[in-house]
Amino acid sequence: MDSRYNPAEIEKKWQKIWAENGFDRTSMDHQKPKFYALSMFPYPSGSLHMGHVRNYTITDVIARLKRMQGYRVLHPMGWDAFGLPAENAAIDRGVHPAKWTYQNIDQMRSQLKCLGLSIDWDIELATCSDDYYKWTQWIFLQFFDAGLAYQKEATVNWDPVDQTVLANEQVDSEGRGFRSGVKVERKLLKQWFLQITHYAEELLNDLGQLPQWPERVKLMQANWIGKSTGAYLEFPIIGTYQKIGVYTTRPDTVYGVSYLVLAPEHPLIKQVTTEERKSVVEIFIQEVINESELERTKDDKPKRGIPTGGKAINPFTGEEIPIWIADYVIYEHVTGAVMGVPAHDTRDFKFAKEQNLPIKVVIIPETGDLSVELTAAYTEPGIITNSDQFDGMDSVHGKQAIIEFAETQGIGKAMVQYRLRDWLISRQRYWGTPIPIIHCPNCGAVPVPDADLPVKLPENVEFSGRGASPLAKLESWVNVPCPRCGTPAKRESDTMDTFLDSFWYFLRYPDAHNKQQIFDSGKINDWLPVDQYVGGIEHAILHLLYSRFLTKFLRDRGLFSFNEPFKCLLTQGMVKGLTYVNPNKSGKDKWVSSSEVNPEYPCDPETGEELIELYTTMSKSKGNGVAPEDVIAKYGADTTRMFVLFKAPPEKDLEWSEADVEGQFRFLNRLWRLVTDFICTQNGINTVTTKEISQMEKELHRTIHTSIKEISKDLEGSYQFNTAISELMKLSNAITDAKCKDSAVYAEGIRSLVLLSAPFAPHITEELWHLLGNSDSVHSSTWAKYKAEALVADQIPLVIQIMGKTRGVIKVPADLDKIALEKYARESELAQRYIKDREIKKVVVVPGKLVNFVVG
């Protein structure tokens, strides 16, 4: 037997055996309870990073644990493979996106397999495969059939370099595209939407059904949905029959309205703008129309506005009020118009001060009047004033009274509003799922018949990165007959937002090879919801919200019976690397690669300037990344896994440290030596008994079962892998220190240590398990269970104190009462050493803990 631990040899050996025997295939034994363990699938960039390693290792430990606990486990993997990077690669490298994508998938799959992940690769999927996106198109047509997919003109963020629409979340605070880095433009385009707002209330309320989701994720989703209750009020425009509708959460302040503000895109602008104001209004609109929503609504940005010359009537007071246009009002937000109440809204107050607009107080504190000269808006509840018959009412109750008055007068109504807006899914690029719609001059938008799905992406496409979508320019693909009337028609040339590819993938795994239907409902109801979902906090809003939306929609279509897709959610922290920054440089130039820096004297290799050291998320641009394959080559996959699990709790950020990696490597070496030394000196593992064993054996036996209890507890619920590994180390130390190496208790300790380590370090434990004489896999063995009786201590440690100062610890029988404890302590050699002939004035006994002698 080789006494040296050789991870490269062991890991390669067992990965081959597991693959040949199909060990990780999903069990179909319905006598066992199910457990669906899922990691958020990656984009196939071609390079695995340490964030991937952490994510997939966490899920793998959970999957392995559950198998050992008697569950049938579904643990799959796939690829979120559509999107702009592949198309940009086609433009830059002259290679087809499909070729680039599948090359990357092959590379990343091999990297993942090197980690020893117990993934069922037989049900692997890629969203760019036509046997997958066929069903993405089918889902879209379900929305279309239900009236929840529609097309309308909308002002969108347009990236002039990537030539596509960007979601608001893909535009940074400076109004630049998240990939191209150039300023986006605002453009009016006909776009496809999914009506997620139809489910806004249920999406919000059902967050309460997710007790095993992080609270901050639920709060982020609740804020994104953004429910508010208020009133819809109408202000007649002077000189026309038109009215400007506004939504407000503060109807109690309506008597303080001193102006109205329209979004620059509002269709009523032409009607309210006077002749003499037309030219300046048009110039202003052109100035702000191309700014992104984020730019226009930033809190620290000055609010720009201009009067139209038009006026409206405040229907509550009969007063004429001016109509303005301002950059901070967004047309897509509810009505695209807001009422200005500067005395009671911070933004309105600032705007009114800058534009010298009237400020009228209509809410005062309960403690008294506001000062005549307001220095800031009063936004708290209070008492209504200057508001006719509502004077003297508290503002909370006054809201409802004013809404009821508005309804009786026909000038407004109660309204519930959501910040959530319908999901814009159109993208003007090639590498995505084609939207299965044909535009007919007679029939309008016609769905592609199910029998004709999938609408495949054509291969003979030119990629220039300029002009219209590559699909729109391919006439042989675009021009088709209408499926209903046969008239010459055109395919929809937009492709879908890649979130549509990922918002349903978890539903495909349980029935991944079904060619007749999207899935068998029986299989889905069996395996879903996902029991444990693991992924980054960056997906806390959109991906999770869209998946919840789809689940509720398909439930309503009768495809399954559950309400939520993911039962438990774990959002793992980032992996951060030591990063060097030159504070005298800006942009990308400020980052200095760690490979170019002497860590003892961190200076810029070009300028000699002193560098700042900090930990930031690993990335190529910062030069602080660590390649997983390099770590695996040097230390092995098991060490790599142990490090990412031990360094920090899973939900916290992890700081990379070579020293800590080496620490885990040393621990695995100790584990190897401990077990192999035992094998060389023992005849085998005997059944343990607690009868007629020594005190040393009893203590080791208690340590073994304490470890089983604590590790099992750490691996339930919050999955505190770091403390579980600490317990493994304690057990290892206890076994190493034990003098009873020829006993059955010691053998039990060796066996338990290997078994408990298996989910964390699967290769070394499989090898040691077989060296111990087992023919089955350690990963199919039953998870250890602690014996309650073994945790009862025959002896306990008792602290001896003299005058309150601890002098040492002695072992005493666990069942002694206070009198017996005092006697035992008095007569101990430790106490006698310090007391000698001195008078004992007082003895303090704390049963189970200490005895303190007060001496003269």
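## A helix with a hidden side

Ser395, Gly398, Ala401, Ile402, Ile403 and Ala406 are the buried residues of helix α12. Here, "buried" means under 20% relative accessible area, "exposed" means over 50%, and "partly exposed" is in between (1.4 Å probe, protein chains only). Before we go on, note that this is a predicted model: local features need pLDDT of at least 70, side-chain atom pairs count only at pLDDT 80 or more, and totals for chains, interfaces and linings use all residues. Residues are numbered from 1 along each chain as its sequence is written, and side-chain values use heavy atoms, with hydrogens and water left out.

Helix α12 covers residues 395-409, so to speak 15 residues in a row. From its first C-alpha to its last it reaches 20 Å, close to the 21 Å expected at 1.5 Å a residue (the expected span is 1.5 Å times one less than the number of residues). Helices (H or I, at least four residues) and strands (E, at least two) are DSSP runs, numbered from the N terminus. What covers the buried residues of α12 includes strands β8, β14, β15 and β16. Just after the helix, Gly410 takes a positive phi of about 70 degrees.

## A helix wrapped up

Now look at α2, residues 50-68. Of its 19 residues, 18 are buried, so this helix is largely enclosed by the rest of the structure. Its ends, first C-alpha to last, are 27 Å apart, close to the 27 Å expected. Just after α2 comes Gly70, with a positive phi of about 100 degrees.

## The whole chain and its cores

Zooming out, the protein chain has 25 helices and 33 strands, and 53% of its 856 residues are buried. Its C-alpha trace spans about 105 × 80 × 65 Å along the principal axes.

In soluble globular proteins, nonpolar side chains tend to be buried together. A nonpolar core is a set of buried Ala, Val, Leu, Ile, Met, Phe, Trp, Tyr and Cys residues joined through side-chain atoms within 4.5 Å. The largest one here has 178 residues, and Tyr505 is among those with the most contacts inside it. Leaving aside neighbours within four places in sequence, Tyr505 is in contact (heavy atoms within 4.5 Å) with residues including Leu38, Phe41, Tyr132 and His543. Apart from that core lies another, of 38 residues, including Leu233 and Ile289.

## Charged pairs

A salt bridge is a side-chain nitrogen of Lys or Arg within 4 Å of a carboxyl oxygen of Asp or Glu, and by this rule there are 41. In one of them, Lys227 and Glu201 meet at 2.8 Å, N to O. Lys227 lies in strand β8 and Glu201 in helix α6, so the pair ties together parts that are 26 residues apart in sequence.

Another salt bridge joins Glu202 and Lys552, with the closest N and O atoms 3.9 Å apart. This pair links distant parts of the chain, helix α6 and helix α16, 350 residues apart. Are its two partners buried or partly exposed? Glu202 is partly exposed, at 23% relative accessible area, whereas Lys552 is buried, at 0%.
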